[in-house]
2 protein chains.
Amino acid sequence: MLNTIRLLVQCQNKQYVLEQIRCASQVLPQLSAEKYNVKRKDFATVQSSDVNFFKTILGNERVLTDDNDVTPFNIDWIKNCRGQSKVVLKPKSTQEVSQILSYCNEKKLAVCPQGGNTGLVGGSVPVFDEVVLNLMLMNNIVSLDEISGALICEAGCVLENVDNYVRERNLIMPLDLGAKGTCQVGGNVSTNAGGLRLLRYGNLHGSILGVEAVKADGIIIDCLKTLKKDNTGYHLKHLFIGSEGTLGVVTKVAIHCPVLPKAVTVGFFGVENFENILQLYKSAKSSLGEILSAFEMADRDAISSTVKNLNLPNPISDYPFYVLVETHGSDEGHDGEKLNRFLSKEMESGLILDGTVTSEPGKMQTIWNLRENIAGAGLRHGYVFKYDVSLPQKHYYELVPKIKQRLGDKAIVVCGYGHIGDGNIHINVTVPEYTREVAGLLEPYVFEEVSALQGSISAEHGVGFRKPHYIHYSKDRSALQLMHQLKTLMDPNGILNPYKVLPEEC
Amino acid sequence: MLNTIRLLVQCQNKQYVLEQIRCASQVLPQLSAEKYNVKRKDFATVQSSDVNFFKTILGNERVLTDDNDVTPFNIDWIKNCRGQSKVVLKPKSTQEVSQILSYCNEKKLAVCPQGGNTGLVGGSVPVFDEVVLNLMLMNNIVSLDEISGALICEAGCVLENVDNYVRERNLIMPLDLGAKGTCQVGGNVSTNAGGLRLLRYGNLHGSILGVEAVKADGIIIDCLKTLKKDNTGYHLKHLFIGSEGTLGVVTKVAIHCPVLPKAVTVGFFGVENFENILQLYKSAKSSLGEILSAFEMADRDAISSTVKNLNLPNPISDYPFYVLVETHGSDEGHDGEKLNRFLSKEMESGLILDGTVTSEPGKMQTIWNLRENIAGAGLRHGYVFKYDVSLPQKHYYELVPKIKQRLGDKAIVVCGYGHIGDGNIHINVTVPEYTREVAGLLEPYVFEEVSALQGSISAEHGVGFRKPHYIHYSKDRSALQLMHQLKTLMDPNGILNPYKVLPEEC
């Protein structure tokens, strides 16, 4: 019960609360080490002298060692992984992070950096007894240049809080995720989070102006520039974007915030088949051009199971496929004209069977709620195998019917949904409970298929703890060797987020 | 004369032809090694046995050793640097690049990778007798996905040629430079080229989907994915973007091409002072929002000297400052309405003193010609000290009057122009001829001032041969150490583009 309350306090996004309660109120998940048969590496074990040292840096209150206090930090939110850490540290400054890492590196104590812990691949919780380095108290906004849109904030800032802050100043954060009420900016950067509006505002490698990070040896790498153009030497910040805390701990971030759109409109359409969705996407790119901010799809099973499981309304009738189109623009009249013209044209052409277009905030939220809740809705059935893959657009939906056929009545629901504009599809396979038989039918099958189509086996969720042994489906031997070399260079003792990202052999 | 012809053949962009003729028809520039007092590093010297080996890979015709043939590849286009290479290699495939590098690495022969050789910091020509590895024959477009906009091309493709190719398919390249008729995509990626429309289409770290590169040891790193989202391990491609050929040779590039705008409009405005330009920029971001594709400025001296020296027309009268605003949109009517509304509002407010708005291609070209020719116009006076710096926008123009005052009548023209939206100002100081006295007044003064304002001493031109000893003004000791470590990891013999980017000590 204590854990439940803690999780709730951390969790500011309503749609997550539901699942967090569910997770916390059930029995503890199996230990990751046992579940996945992992062998502990030869790190030191935290001693009372280590805890005392941490307390000299952080004081007593920011060093958690009580089992009840530590447990929530050991479990990921989908309750798939559980670590065995005995100590959670909550630094408040980059200097403190530096001191902690320098000490751990010298003592060969493994460290698991942790942000909002909303990851889906077990990257943000320990596997064994790694020291949890939680950044939640580094949550200050440092500065905002309202003319250029350059924001500097600490890594532990919750994405939604920062977004609210910049919205009051007519700017927005360039990324938006379902987990925005819980996830932290440092975690977003470390995992190269994508999300719902990458189509419009680009990826973090483009939006991040600067990063301050601490290497495993405690050395602070200050690349915290707020400049859009800076070609003075190697672009080091990119080493920390998307390396999931294995090359350094991100402590501060400078990010470019675009202008808050004056007009937002959402359309939700029923479509006959996947080929028509691609045609519709091409048409939307041409007709809506610069105002297109999201182009999402979901199949019938994704929508109908979400409607049913979470009792959410579907604003249109039942169709084989659904498309959500959103526009961000600076002139409501112009944008409405463009969207209505697009709608009329494509209803006439037959690409759109039925649809609704709205700019009323409540109605837009209803549509987005339906889309954003697909991810969690399947959990009501039991266990969900979740795949997050990128594919060339023409092959985008091919895997869903293949998996359906392969599993037959072993699956309750096999559904596909995601970001068409980014070639990123999420495939959820719902079963009454986890079985090795279904797992064996799905993996490595899904990854083999993705690899054969030149796709990515992890589009936005990352590799974390769950996928290092599948990474070779998306990275060749030379690339993996270079990854290992970089890891050895930057973290020779391997203390940062061990058992994650890098495969044991390559 | 032979050199002149060769340079002309390579040069497809008219505005560059003028300067190239000037450069090539004069006496050869001083050797870089002498001019800048550089000591040759302990590399091997090319022997006839090495040349024979290269010929077994490339055939006789793609191995240049005749002095007349080799000379143009030793000189940069602004005629500031001259190397002493005896051999130019022109591979046609990644495999050939791999074989060459593997051999050179083993023999400890230094290599200077070269694209279109339009750089401004001496990065693309040898300093001593490095083997020139020119990518010009790797100029094939490999594939284009017209729905997603993902293009794959070889590194030696000329930017303008690729842009023309994708324009025929309703797409554009996401970068545009004055040197587009000569510069190559591989060079653009290796130098993280910025250019005129970064404001709208973002930087290359955001636009590049994948890179194939060859390391110093000949190992091919294949990160040539065309996916917008791929979070499988370290984002290795960024090691090669902007590292100026010192960590590997880029051989193929996958890049995201945005949709060709259906409507383009250009406005050219006279403005009273720099503070008003910043107000105007804020207003343009708000009023023009998503269609704003460029916001450029130039001061009176930049425009008047260009008009005079190159006999170009100025479409408006004489003003202290000029602003060029461009829009890219999908609806001519909507865009014109937005731009005219912006113009009316700001003429009334007094921020714009006078202006012209046009969507006629010829007239737009006239305005862009004036802006793009500022860079070369100063050469007519003699020697130009050129600075390419980024500054926080509020400090953007501060340096120009300071330099004017510092130099007094020692300078013919001190002018500032550039990309306001990116905080990137180019400062040109024109003098009758290069003197150590003026050089001493400018450097390190300019870099000290930029550093004190948290700016970048090289916004888009890079570090190359000319700026390694100033890089500490923009990168701290820890960052420089990490750069050195990366260099040692990826190129332990230091054969790739030596004497460039990295300072000798840090």
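How exposed is B:Lys363, and which class does its relative accessibility put it in? In this predicted model, B:Lys363 has 47% relative accessibility and so counts as partly exposed.

A second salt bridge in chain B brings together the side chains of B:Lys402 and B:Glu449, at 2.9 Å from N to O. Here the pair links distant parts of the chain: B:Lys402 sits in helix 17 (residues 399-407) of chain B and B:Glu449 in helix 19 (residues 445-452) of chain B, 47 residues apart. With a relative accessibility of 35%, B:Lys402 counts as partly exposed.

A:Glu290 and A:Lys338 form a salt bridge whose closest N and O atoms are 3.9 Å apart. A:Glu290 belongs to the loop between helix 12 and strand 11 (292-299) of chain A, while A:Lys338 belongs to helix 14 of chain A, so this pair ties together parts that are 48 residues apart in sequence. Both A:Glu290 and A:Lys338 are buried. Elsewhere, a network of salt bridges links A:Asp176, A:Lys180, A:Arg197 and A:Glu326. Over all chains, the count comes to 44 salt bridges.

The next topic is the interface. In chain A, 90 residues are in contact with 90 residues of chain B. Between them the two chains bury about 7200 Å², and 55% of this area is on carbon and sulfur atoms. On the side of chain A, the residues that lose the most area to chain B are A:Lys229, A:Asn231 and A:Tyr234, which together make up 14% of what that side buries.

Six salt bridges are found between chain A and chain B; one of them joins A:Arg341 to B:Asp331, the closest N and O atoms being 2.9 Å apart. Polar contacts between the two chains amount to 54 residue pairs, with both residues at pLDDT 80 or more. Among the elements that give two or more residues to the side of chain A that touches chain B are helix 12 (274-288), strand 12 (321-329) and helix 14 (332-349) of chain A. The largest share, nine residues, comes from helix 20 of chain A. Sorted by type, the residues on this side of chain A comprise 31 nonpolar, 37 polar and 22 charged.

A:Ser390 is found in strand 14 of chain A, and it counts as buried because its relative accessible area is 0%. Its side chain reaches the backbone oxygen of B:Lys229 at 2.5 Å. Leaving aside neighbours within four places in sequence, the residues in contact with A:Ser390 include A:Asn424, A:Val450, B:Leu227 and B:Lys229. Strand 14 (residues 383-390) of chain A is itself mostly covered, with seven of its eight residues buried. This strand pairs with strand 16 (residues 424-431) of chain A in the antiparallel sense, over eight bridges, and within that pairing A:Asp388 has A:His426 as its bridge partner.

Strand 3 of chain A is joined by four bridges to strand 4 (residues 131-134) of chain A, and the two run parallel. Opposite A:Gln114 stands A:Asn134 of strand 4. In a regular strand, side chains alternate between the two faces of the sheet. In strand 3 (residues 111-114) of chain A, A:Val111 and A:Pro113 point one way and A:Cys112 and A:Gln114 the other, and all are buried.

Finally, some backbone details deserve a look. The peptide bond joining A:Glu443 and A:Pro444 is cis, with omega about 10°, and A:Pro444 lies in the loop between helix 18 (436-442) and helix 19 (445-452) of chain A. In chain B, the bond from B:Glu443 to B:Pro444 is cis, with omega near 10°. B:Asn117 is not a glycine, yet it has a positive phi of about 55°; this residue is in the loop between strand 3 (111-114) and strand 4 (131-134) of chain B, and is buried with a relative accessible area of 10%. B:Tyr499, also not a glycine, has a positive phi of about 70°. B:Tyr499 lies in the segment after helix 20 (477-490) of chain B and is buried, with a relative accessible area of 10%.

Terms used: Residues numbered from 1 in each chain as written. Chains lettered and ligands numbered in written order. Heavy atoms only, no water. Contact = heavy atoms within 4.5 Å. Buried area = accessible area lost by both parts, 1.4 Å probe. Salt bridge = Lys/Arg side-chain N within 4 Å of Asp/Glu carboxyl O. Polar contact = N/O pair within 3.5 Å; in protein donor to acceptor, adjacent residues only side chain to side chain. Nonpolar A, V, L, I, M, F, W, Y, C, P; charged D, E, K, R; others polar. Buried < 20%, exposed > 50% of the residue type's maximum accessible area, 1.4 Å probe, protein only. Pairing = 2+ DSSP bridges.
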